[in-house]
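Biologist: I would like to learn how to read this model feature by feature. Please give me the general idea each time, then the case.

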Amino acid sequence: MAAVAGVTAPPSGPGSPDVPSADDAGPTEPVRVLIVDDDALVRAGLSMILGGLPDLRVVGEAADGGEVPAAVAAYAPDVVLMDIRMPRVDGLAATEALRGQPNPPEVLVLTTFDADEQVLRALRAGAAGFLLKDTPPVDIVHAIRRVAGGEAMLSPSVTRTLINHVTAANPGPPGPDPRRERALRLLAALSERERQVAIALGRGYTNAEIAGELFMSVATVKAYVSRLLTRLDLNNRVQVALLVHDADLV
């Protein structure tokens, strides 16, 4: 694997025995993972956790958000594990830049806090979810597989906690809430069925759960989710969920 300045490919070696096999993996090809963190020990630990799994492959590492464009170009990851706090270019700026590119990889934000304004900003920028750095290995593996398969990695309770935390810390001016009004306006333009699917996404439902709730096939749910992203001009289902929460519909 060719070297990129400031970016490294992971060493080969056995992975952790404490994580599951690919029982819940969707893709037939290994999911390609890029690890971005300024802490070498964190990068090494994540590489060890993921390195021995047949359906996941750590294709590269980067120590700063500024190295992300070169790393993505070099290694073509499916999922980027992105630290938020880095000394030069932080994970928020890197996520915003990355998700603005055509066909970007999914981003899972790594953080030490579960109620952080930067986490919410990263999710609004297009991150598919976030992980606390003390997340158990089995849950890290599950999260990567889930977002690689097009699912969100964010529960409704976590979404609400984040929104409430940031709102309490940064109260807006008195009067109408522009974010809520915008969300209601966008959702009002949807068909009734599209709106039902959007609300289900806001509740954190998987495609299979939405299919059961709304008596659809999973393929039809996927088509509705794709249509919602196009109509609402959003990157992923997490952003749809945030829009539904902004509108106070869940």
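Biologist: Where is the place of A143?

Modeller: A143 sits in helix α5, residues 137–148. Helices here are DSSP runs of H or I with at least four residues, strands are E runs of at least two, and both are numbered from the N terminus. A word on the source: this is a predicted model, where local features need pLDDT of at least 70, side-chain atom pairs count only at pLDDT 80 or more, and totals for chains, interfaces and linings use all residues. Residues are numbered from 1 along each chain as its sequence is written, and side-chain values use heavy atoms, with hydrogens and water left out.

Biologist: Is A143 buried or exposed?

Modeller: Buried means under 20% relative accessible area, exposed means over 50%, and partly exposed lies in between, using a 1.4 Å probe and protein chains only. A143 has a relative accessible area of 0%, so A143 is buried.

Biologist: Which residues does A143 touch, not counting residues up to four places away in sequence?

Modeller: Contact means heavy atoms within 4.5 Å. On that basis A143 touches L108, L131 and M153. Take L131: twelve residues separate it from A143 along the chain, and their C-alpha atoms are 8.2 Å apart.

Biologist: How do I read the packing of α1 and α5?

Modeller: Two packed helices are described by the angle between their axes and by the distance between the axes. The axes are lines fitted to C-alpha atoms, for helices over the stretch in contact, and angles run from 0 to 180 degrees between N-to-C directions. Helix α1 covers residues 40–51; its axis lies 10 Å from that of α5, at an angle of about 75°. Under 35 degrees counts as roughly parallel, over 145 as roughly antiparallel, 65 to 115 as roughly perpendicular, and the rest as oblique. The pair α1 and α5 is therefore roughly perpendicular.

Biologist: Which residues in α1 and α5 meet?

Modeller: From α1 come L46, I49 and L50; from α5 come P137, I140, V141 and I144. By class, that contact has seven nonpolar residues, no polar and no charged. Ala, Val, Leu, Ile, Met, Phe, Trp, Tyr, Cys and Pro count as nonpolar, Asp, Glu, Lys and Arg as charged, and the others, Gly among them, as polar.

Biologist: At what angle do the axes of α10 and α11 cross?

Modeller: Helix α10 (residues 218–232) and helix α11 (residues 237–246) cross at roughly 70°, with axes that come within 10 Å. That makes α10 roughly perpendicular to α11. V225, L229 and L232 in α10 meet R237, V240 and L243 in α11. The classes in this contact are five nonpolar, no polar and one charged.

Biologist: What is the hand of the crossing of α10 and α11?

Modeller: A crossing is left-handed if the near helix is turned anticlockwise from the far one by less than a right angle, and right-handed if clockwise. The crossing of α10 with α11 is left-handed.

Biologist: How many residues of α11 are buried?

Modeller: Ten of its ten residues are buried. In the protein, buried residues make up 44% of the 250 residues. D246 lies in α11 and counts as buried at 9% relative accessibility. Its contacts, leaving out residues up to four places away in sequence, are R124, I163, R179, R180 and A183. D246 and R180 are 66 residues apart in sequence, yet 5.1 Å apart C-alpha to C-alpha.

Biologist: What caps the N-terminal end of α11?

Modeller: N236 does: a side-chain oxygen lies 3.1 Å from the backbone nitrogen of V238.

Biologist: Which side chains does a polar contact join to E61?

Modeller: A polar contact is a pair of N or O atoms within 3.5 Å; within protein, one must be able to donate a hydrogen and the other to accept it, and residues adjacent in sequence count only if both atoms are side-chain atoms. E61 belongs to strand β3, residues 56–62. Its side chain pairs with R43 at 3.4 Å and with S47 at 2.7 Å. E61 is buried, with a relative accessible area of 8%.

Biologist: Where is phi positive?

Modeller: Most residues other than glycine have a negative phi. N103 has a positive phi near 50°. N103 is in the loop between α3 (91–99) and β5 (106–111), and is exposed at 80% relative accessibility. D233 also has a positive phi, about 55°. D233 is in the loop between α10 and α11, and is exposed at 69% relative accessibility.
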